[in-house]
Structures are given as C-alpha cells and as structure tokens.
Amino acid sequence: RPFEVIQALTLKNGDSVVDLGCGSGYFSLKLSRPVGSNGKVIAEDIRRLPLTFLWVRAARKGKHNISVLLGDEDNPHLAPASVNAVLISNTYHEFTAPKSILEHVRQSLLPGGKIVIIDRAPRIAEQSDANLESHEIASERVEADLRQAAFAIDSRRDSFITNDPERESWWMIVAHHP
C-alpha cells in the first residue's frame with residue numbers, strides 16, 4: 001500500500017523527506033516524484049552496499065533528487081531542522097538504539113514535520129521482549145517510544161496490512177513534531 005504510506009507523509013513539491021533504513025530504496029524511488037525536482041529524498045541506511053545499489057538505480061532512472069546517506073546504528077546523521085517528513089518502513093524492529101534514533105529524527109524535523117513508521121506486528125504466540133530479534137515489534141511499544149521522544153501521535157492503524165503473502169500483519173503509526 002505505498003500510495004497510502006506516501007499520502008500519510010503529506011509531501012508537497014519542494015519538501016525534503018528521509019527514507020530511514022532505506023535498504024535498496026523501494027520507497028526512496030517512490031518518494032522522488034511527490035517532492036518533485038525542487039525537493040529532496042535522503043535515503044539513509046547503515047549499510048554501504050544497498051546505498052551503492054540505490055545510488056546507481058536512482059542515477060539510471062534520472063532521479064536526481066535522491067541522495068544517499070550512511071548513518072550509524074545510533075545516529076542517522078541528519079541535519080537539524082532540515083526535513084519535512086521521515087519514513088521508517090520495516091526497519092524500526094532492527095534498531096539497537098531506538099531512543100537515540102528518534103531523538104535525532106525529532107531534531108531533524110521542521111516543526112509540524114511528519115514521521116510515519118510501518119512495521120510487522122508480532123504474531124500472537126510470539127509476543128515477547130524478543131521482538132527485535134524476530135523482525136517484528138508491537139505498535140504499542142513504538143507508540144510509547146514516540147511519546148517519550150516528544151512526538152504527537154496523529155494515528156495508529158494496527159491492521160494496516162492484514163493479508164500479505166506471508167500471512168503477516170503490519171501496522172502504521174503517523175506522528176508529528178509539535
């Protein structure tokens with residue numbers, strides 16, 4: 001449901017958006033169009049190889065508004081008060097320092113800037129503190145982290161995607177920097 005994800009970011013021509021934990025850039029490439037040639041997509045990841053792959057793909061597709069950024073596990077290296085929106089898709093469960101990442105994200109967002117987080121919900125039989133190891137995380141935990149980092153929650157959809165091919169359930173949280 002990429003259209004709904006992008007819509008939740010409320011992007012407009014000229015905006016700057018971060019695809020945090022972008023991997024090979026599925027969303028980065030899709031975010032290029034809504035921000036237009038005057039906007040910027042910052043594709044951030046902690047792994048060099050996917051960033052290199054994305055950089056080549058973006059260049060071949062003529063997506064000149066996409067830049068790649070190598071971050072650290074506890075710091076995405078975003079400039080303060082520089083972006084309108086941040087997307088974290090299928091990545092939050094991988095964070096080893098979520099509080100530090102959220103603090104850096106909040107500092108990078110302009111007032112009113114959006115953060116959209118999408119991730120896999122734990123299967124009922126597997127809900128435990130081992131969420132980070134099992135590639136899934138409870139939306140309640142992420143919402144609590146967002147609130148602790150001083151974000152205002154706009155919406156939480158616990159059943160954002162319920163019938164994916166792997167029979168997994170995905171949630172989406174939309175919040176903003178007050």
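**Helices, strands and loops**

Guide: In this predicted model, the buried residues of H3 are Pro 50, Leu 51, Leu 54 and Ala 58.

Visitor: What span does H3 reach from its first C-alpha to its last?
Guide: H3 runs over residues 48-60 and has 13 residues. At 1.5 Å a residue the expected value is 18 Å, and the helix comes close to it, reaching 18 Å.

Visitor: Is Ser 28 buried or exposed, and what is its relative accessible area?
Guide: Ser 28 lies in helix H2, and, leaving aside residues up to four places away in sequence, it touches Asp 19, Cys 22, Val 41, Ala 43, Leu 54 and Ile 66. Since buried means under 20% relative accessible area, Ser 28 counts as buried, its value being 0%.

Visitor: Within what arc do the buried residues of H5 fall?
Guide: In helix H5 (residues 139-148), the buried residues are Ser 139, Val 142, Glu 143, Asp 145 and Leu 146. Seen down the axis of H5 they line one face of the helix, because they fall within an arc of 160 degrees. What covers them includes helix H4 (98-108), strand E5 (109-120), strand E6 (152-161) and strand E7 (170-176).

Visitor: How many of the residues of E5 are buried?
Guide: On the pairing side, E5 joins strand E4 (residues 83-89) in the parallel sense over six bridges, whereas E5 and E7 pair in the antiparallel sense over seven bridges. E5 is largely enclosed by the rest of the structure, because the buried ones among its twelve residues number nine.

Visitor: What is the handedness of the β-α-β crossover from E4 to E5?
Guide: E4 and E5 pair in the parallel sense, and the bridge partner of Ala 85 in E5 is Lys 114. The chain passes from E4 through H4 to E5, and the crossover is right-handed.

Visitor: Where does Thr 10 lie, and what is its phi?
Guide: Most residues other than glycine have a negative phi, and most peptide bonds are trans. Thr 10 sits in the loop between helix H1 (2-8) and strand E1 (16-20), and it counts as partly exposed because its relative accessibility is 49%. Its phi is positive, although it is a residue other than glycine, and is near 50 degrees.

Visitor: What phi does Asn 90 have?
Guide: Asn 90 lies in the loop between E4 and H4, and with a relative accessible area of 30% it is partly exposed. Asn 90 is not a glycine, and yet its phi is positive, at about 55 degrees.

How values were computed: Residues are numbered from 1 along each chain as its sequence is written. This is a predicted model: local features need pLDDT of at least 70, side-chain atom pairs count only at pLDDT 80 or more; totals for chains, interfaces and linings use all residues. Side-chain values use heavy atoms; hydrogens and water are left out. Helices (H or I, at least four residues) and strands (E, at least two) are DSSP runs, numbered from the N terminus. The expected span of a helix is 1.5 Å times one less than its number of residues. Buried means under 20% relative accessible area, exposed over 50%, partly exposed in between (1.4 Å probe, protein chains only). The arc is that of the directions from the helix axis to the C-beta atoms. Contact means heavy atoms within 4.5 Å. Two strands pair if DSSP finds at least two bridges between them. A crossover is right-handed if, with the strands pointing away from the viewer, the path from the first strand over the helix to the second runs clockwise.
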